[in-house]
Amino acid sequence: MQRQAALKFKSWRPWLVPSLMLAIVMGAGAARAVHAALQIEITSGVRDPIPIAIVPFAPAAGGGAGLDVAGVVQHDLEGSGRFKALPRERMPATPTRVEAINAADWKGAGSDYVVVGRVAAIENGTLAVDFDLVNTLTGVRLATQRFTGPPGALRNAAHRVSDAVYQKILGVRGAFATRIAYVSVEGTVPAQHYQLIVADADGENPHLILDSRFPIMSPAWSPDGQWLAYVSFESKLSGVYVQLVRTGERRLVSARAGINGAPAWSPDGRKLALTLGGSSGNPDIYVLDLTSQSLTRLTDDPAIDTEPEWAPDGRSLYFTSDRAGSPQIYQVSANGGHPKRITFEGNYNARPRVSADGTELAMVTLDGGGYRIAVQELATGAVRTLSHGHLDESPSFAPNGATLIYSQREGGRGSLATISVDGLTGLRLKAQQGAICDPAWGPFGT
Amino acid sequence: MVQRASDRWISIALSLLLHGALLAALVYGWMMFREQRRTPPTPPISATVVDARTLKGLEQPPAPKPAAAPEPPPPPEDVGPPQPTPEEKAQREQVEQAKEQKAAEERKAAERAAAEKVAEEKATAQKAAAEKAAAQKAAAARAAAEKAAAKAAAERARQDEQDRKEREADLKRSLAAEEHAEVQRNGAALATWQSMIQAKITRAWLRPPTAKAGINCILNVTQVPGGEVTKVSIGACNGDQAVRESIEAAVYRASPLPPPPDPSLFQRDLEITFKPD
């Protein structure tokens with residue numbers, strides 16, 4: 001073919017050559033002229049969540065655990081505020097394998113991503129959950145993964161699918177397969193009933209950790225997610241306990257005179273920071289070594305110092321103090337010394353919690369109409385109020401720093417809510433019996 | 001725009017160079033052609049067309065007429081040694097004289113003939129020389145004429161080239177002027193197109209919370225006529241994964257991109273900068 005063309009070219013009349021060359025030169029010139037790309041600048045966008053379709057997973061033969069895995073994933077992703085799921089009735093098809101996905105159909109349905117998957121029973125009653133994540137715009141498969149476990153862990157597997165999808169698209173680890181602890185209060189004074197509960201991060205799958213007729217307060221997760229420290233008034237006086245979540249095994253670590261409260265685990269899990277009132281009744285911050293039982297005093301001030309929280313590097317602690325007349329947040333070295341004031345906006349900033357990367361401080365702030373959850377950027381001091389309630393309390397960061405859980409009071413009854421750190425997405429956790437409060441978000445891998 | 005102008009100048013320079021080269025090649029080729037016509041190659045076999053009848057005549061020459069045989073001279077009489085008589089002496093002398101006269105005449109004639117011959121030869125030589133000179137002169141003249149013709153041809157070629165150059169320059173000037181006018185005319189249309197694309201991508205960009213001020217990401221996008229986006233590649237970008245995914249998705253979601261108001265403005269390559277404020 002080429003040879004023929006060359007021969008043909010040779011037989012052309014010579015005068016054709018210059019004009020042909022001229023044409024080529026002009027063509028090249030034209031091509032060069034348009035070579036520079038058209039420049040466009042985009043400075044704003046839409047604050048809409050990412051459209052995604054989570055197709056119902058194929059159930060295991062024999063029905064499996066009957067859990068709607070895709071439904072759990074959809075709830076997780078939508079709850080983060082970063083995703084908006086395509087309603088099932090608008091799905092163009094129900095593929096369960098990546099080969100069956102027609103990307104154009106899903107793109108046409110407005111979904112940038114599609115998740116398909118299936119549940120299968122493998123040996124010894126173990127279930128396997130497989131899923132694929134496909135970008136419908138590019139046709140690229142972003143993830144293919146399998147999670148296995150006993151039928152009882154199917155919900156956890158679903159959360160792990162959510163985590164993987166979240167991470168693949170946003171580049172941040174999802175915190176769906178984590179747990180929360182909170183306190184549930186039922187009944188009215190004096191016949192109240194207190195329960196310490198551990199549940200999935202979406203509020204499902206609750207497990208009773210402690211049941212008491214006396215107040216339970218301030219649950220705190222150990223860094224490895226195995227232990228919970230909490231305050232219990234079961235002996236009429238306050239005491240700090242640590243309990244192994246899986247077995248219920250527990251021990252009393254502080255039942256000193258006066259207040260024993262607000263336990264916080266050091267990042268290495270070896271120490272607990274506590275608020276101790278002592279016989280004088282003036283609360284200060286102490287650090288208790290869990291192995292040696294030795295106690296170190298960090299603050300000594302006539303004002304109230306309470307609610308300690310370790311910085312992620314373990315070198316300092318944040319706490320609340322009213323030493324300047326109103327509650328504000330201070331930072332003190334883990335070796336003690338003079339505390340440094342951190343918050344300056346408003347007359348009430350309390351209950352500090354630090355994000356895992358150490359860049360942001362969540363707190364309760366009195367902002368106009370009420371006590372609300374706010375976040376302060378530690379580097380700049382910039383504060384933004386996230387929640388809109390009247391009595392929002394006890395903020396706790398998700399381990400990925402993307403969301404906070406906190407307690408709120410509506411109609412006189414306490415409930416739990418989450419809010420994204422940009423303040424755009426809030427979610428109320430499923431209504432429980434009674435009132436719930438004091439949430440604590442556990443670490444990854446619990 | 002600066003880049004575009006320099007590109008155009010490079011194109012023009014390249015085009016000029018090539019045109020020059022083409023012209024040179026054309027002129028050279030034309031001159032070679034002329035040269036060849038001036039000195040036709042000697043054919044290996046030359047032939048002259050002659051009449052066949054002539055050839056026939058030549059083949060059969062007329063038979064020679066037998067000429068009358070000359071009478072042999074009478075044999076000399078043996079008369080013995082002649083005895084001169086006064087008469088005879090006088091006769092002899094007369095004869096001698098006549099002989100001498102005749103010899104002289106003959107000598108003279110011979111001399112004359114020789115002279116004539118020499119003259120003739122000389123004349124011939126002179127004529128030949130003259131002819132040769134004439135031929136040489138003619139050749140020289142012809143050569144001169146040819147040279148002049150060649151010179152004229154070269155001059156004409158040069159003139160042609162100059163004319164062509166001028167025409168080309170004119171064309172280029174008018175093209176440039178036209179292009180300039182078009183650029184001005186198209187400037188507005190191009191800006192319109194840019195803002196149309198910008199608006200569509202802005203609507204399509206689901207800006208993640210991490211796309212804060214200070215984020216600056218460049219996307220190189222290829223579209224085909226009709227506006228369908230066929231390729232997106234992320235260049236320099238200080239955003240996180242969410243930002244990267246979102247800007248890539250934004251361009252694909254905006255596909256097909258709006259067409260330019262004037263189809264001739266279409267460009268395949270777009271450089272899109274995401275610079276949230």
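To begin with the partner chain: among contacts in chain B between residues at least 6 apart in sequence, what percentage join residues at least 24 apart?

Author: The model is a predicted one, and everything below should be read with that in mind. In chain B, 74% of the contacts between residues at least 6 apart in sequence join residues at least 24 apart. Chain B contains 4 helices and 3 strands, and these follow one another along the sequence in the pattern α-α-α-β-β-α-β. Of the 277 residues in chain B, 13% are buried.

For chain A, the corresponding description runs as follows. Chain A has 5 helices and 30 strands, and buried residues account for 44% of its 446 residues. Among the contacts in chain A with a separation of 6 or more, 42% are between residues 24 or more positions apart.

Turning to the part you asked about, 30 residues of chain A are in contact with 40 residues of chain B. On the side of chain A that touches chain B, at least two residues each are supplied by helix 2 (16-33), strand 1 (38-42) and helix 5 (154-170) of chain A, and the largest share, 6 residues, comes from helix 2 of chain A. Sorted by class, this side of chain A has 16 nonpolar, 8 polar and 6 charged residues.

As a matter of background, strands of a sheet pair through backbone hydrogen bonds, either parallel or antiparallel.

Helix 5 of chain A, another contributor to the side that touches chain B, has 17 residues and reaches 24 Å from its first C-alpha to its last, close to the 24 Å expected at 1.5 Å a residue. Because 13 of the 17 residues of helix 5 of chain A are buried, this helix is largely enclosed by the rest of the structure. The residue that follows helix 5 is G171(A), whose phi is positive, near 75°.

Further along chain A there is an open sheet of 4 strands, with the order 9-8-7-30 and antiparallel pairing. Strand 9 (207-212) and strand 30 (435-441) of chain A stand at its edges, and each has a single partner strand, so one side of each is left without a neighbour in the sheet. From one strand to the next, the twist averages 20°. Inside this sheet, strand 7 (residues 179-186) and strand 8 (residues 193-200) of chain A run antiparallel and are joined by 8 bridges; E186(A) has H193(A), in strand 8 of chain A, as its bridge partner.

R323(A) counts as partly exposed because it has 16 C-beta neighbours inside 10 Å, where 20 or more would be needed for a buried residue and 12 or fewer for an exposed one. Leaving aside its neighbours within four places in sequence, R323(A) is in contact with D301(A) and A303(A), while the C-alpha atoms of R323(A) and P302(A), which are 21 residues apart along the chain, are separated by 7.6 Å.

Methods: Residues numbered from 1 in each chain as written. Chains lettered and ligands numbered in written order. Predicted model: local features only at pLDDT ≥ 70, side-chain atom pairs only at ≥ 80, totals over all residues. Contact = placed C-beta atoms within 7 Å. Nonpolar A, V, L, I, M, F, W, Y, C, P; charged D, E, K, R; others polar. Expected span 1.5 Å × (residues − 1). Pairing = 2+ DSSP bridges. Axes fitted to C-alpha atoms, helices over the stretch in contact; angles between N-to-C directions.
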